[in-house]
Structures are given as structure tokens and as C-alpha cells.
Amino acid sequence: EVNYGRSLAVVLIDRLLEAMALLLLFSGVVVTSSLPVWATRLAGVVGLAGMGVLVGLRIAFRYREKLPKTVRVVLRSFPDSVGSWLLRFTERLLEGCAALTDYRRVAMAMFYALAVWSVEILMVATFLAAFSIPAPKFVAATVILMVLNFGTLVPISPSSVGVYQLLCVFALSLWGVDRGLSLSLGIVMQTI
């Protein structure tokens, strides 16, 4: 039997670590380039929020014996069937947070995420060069990946078709790149 709560916790932790790795690479871009202040502030807020969630999950795991008692008090207003399901879900979600206790594994996951994002940045930089887009390749590639990944967190359309391209146009507008060229890049990148 697949434990839904535990699986969700592991996926959530994985996504948060990936986001932290991308934000870490983005912080290198911020230091070396002149991006708008709002972009750096937004990245800082997202980074702090992500770290807050990871720390919160770690703390919740530490107090996993006491937390269900608190949850029971909150769930008294729910019907018994819903309350018991939410309680089991909470307990299983907390079980999945055990992954955060092995700091060596967390560091390895972060290292792998950094490696994967670095390869993705190189891939997008290659697309930018192929399209002769007048923007700093690695900076623009990192910004595009940031905008795409955080902009498509909540699926709006099937496969984010249209949204993906709009986000590419938005990201490249920071360098005044022609919308048609940015749209073409978004179409080709998503297709490939």
C-alpha cells in the first residue's frame, strides 16, 4: 500500500530542496548582474518562505508525538470520518518528514539538484545562443528557469501551454527582447 501522506511529504521536501538549489544559483546571478530590485526581493521572499517551510516540517517531525494531540483538538468540529482521515493523513505526513533528519542525504539531494539546474541553465543558454537573443546568456537562462518554474507551480492549462510561452516573453522582457522572438523561443523550448 502506498502511503499517500508520507509520499506527499517526500515530494514536498524534494520540490522545496530543488527550489532552494535554483534560488542559490539565482543568488549568484543577482550578485553578478543588475536585475530589477523587485526580482531580487521576490527571490529573497520565496527563498525565506521555502526555508521556513523546510524548518517548519523538521520541527513538526521533532514533535510528531505531540502534534496529533493538538490536531485532534482542532478536528473536533469536523465529522468523525473526516477528522479521523485528516488525523491519519497528518501522522503519515509527519512520518515522511523523517527524510529531513538525515542531513547528509539532504546535502546530497541539494548537490544533485544544483547539478541538474546547472545542466538546465546550460541548455537554456544554448537555446538563447541558437536564437541569437540579445541578453546575457547565463543570467537570462537562470532568470527564465526561475520564472518558468515558479510561474508554472500551479497548473493553469494542460502542460502549461501558453503560460510557458507567456512566462518566457515576460522573463526576456527584462532585456527588451522582441516578444515574437521570445515567444518563438518558448514554443521551441517547450516542444523540445
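Helices (H or I, at least four residues) and strands (E, at least two) are DSSP runs, numbered from the N terminus. Residues are numbered from 1 along each chain as its sequence is written, and side-chain values use heavy atoms, with hydrogens and water left out. What you see is a predicted model, where local features need pLDDT of at least 70, side-chain atom pairs count only at pLDDT 80 or more, and totals for chains, interfaces and linings use all residues.

View 1. Walk along the sequence and you get α-α-α-α-α-α-α-α. The C-alpha atoms fill a box of roughly 60 × 35 × 35 Å, taken along the principal axes. Of the 192 residues, 36% are buried, where buried means under 20% relative accessible area, exposed over 50%, and partly exposed in between (1.4 Å probe, protein chains only). Take the contacts (heavy atoms within 4.5 Å) between residues at least 6 apart in sequence: 69% of them join residues at least 24 apart.

**View 2. Serine 182 in helix α8.** Is this residue, serine 182, buried or exposed? Serine 182 is buried, because its relative accessible area is 0%. Leaving out residues up to four places away in sequence, serine 182 touches Cys168, Val169, Leu172 and Val177.

**View 3. Methionine 189, also found in helix α8 (residues 179-191).** This methionine 189 counts as buried because its relative accessibility is 8%. Which residues does methionine 189 touch, not counting those up to four places away in sequence? They are Val124, Phe127, Ile144, Leu148, Tyr164 and Cys168. Tyrosine 164 is 25 residues from methionine 189 along the chain, yet their C-alpha atoms are separated by 9.3 Å.

**View 4. A nonpolar surface patch that includes Tyr63.** Met51, Val55, Ile59 and Tyr63 make this patch of about 370 Å². To join a patch, a residue needs over 30% relative accessible area and no salt bridge; like charges are joined within 9 Å, and nonpolar side chains (Val, Leu, Ile, Met, Phe, Trp, Tyr) within 5 Å. A salt bridge, by the way, is a side-chain nitrogen of Lys or Arg within 4 Å of a carboxyl oxygen of Asp or Glu. Areas come from the Shrake-Rupley method with a 1.4 Å probe, and for residues only the protein chains shown count as cover. Look for tyrosine 63 in the loop between α2 (37-62) and α3 (67-75). Tyrosine 63 is partly exposed, because its relative accessible area is 42%.
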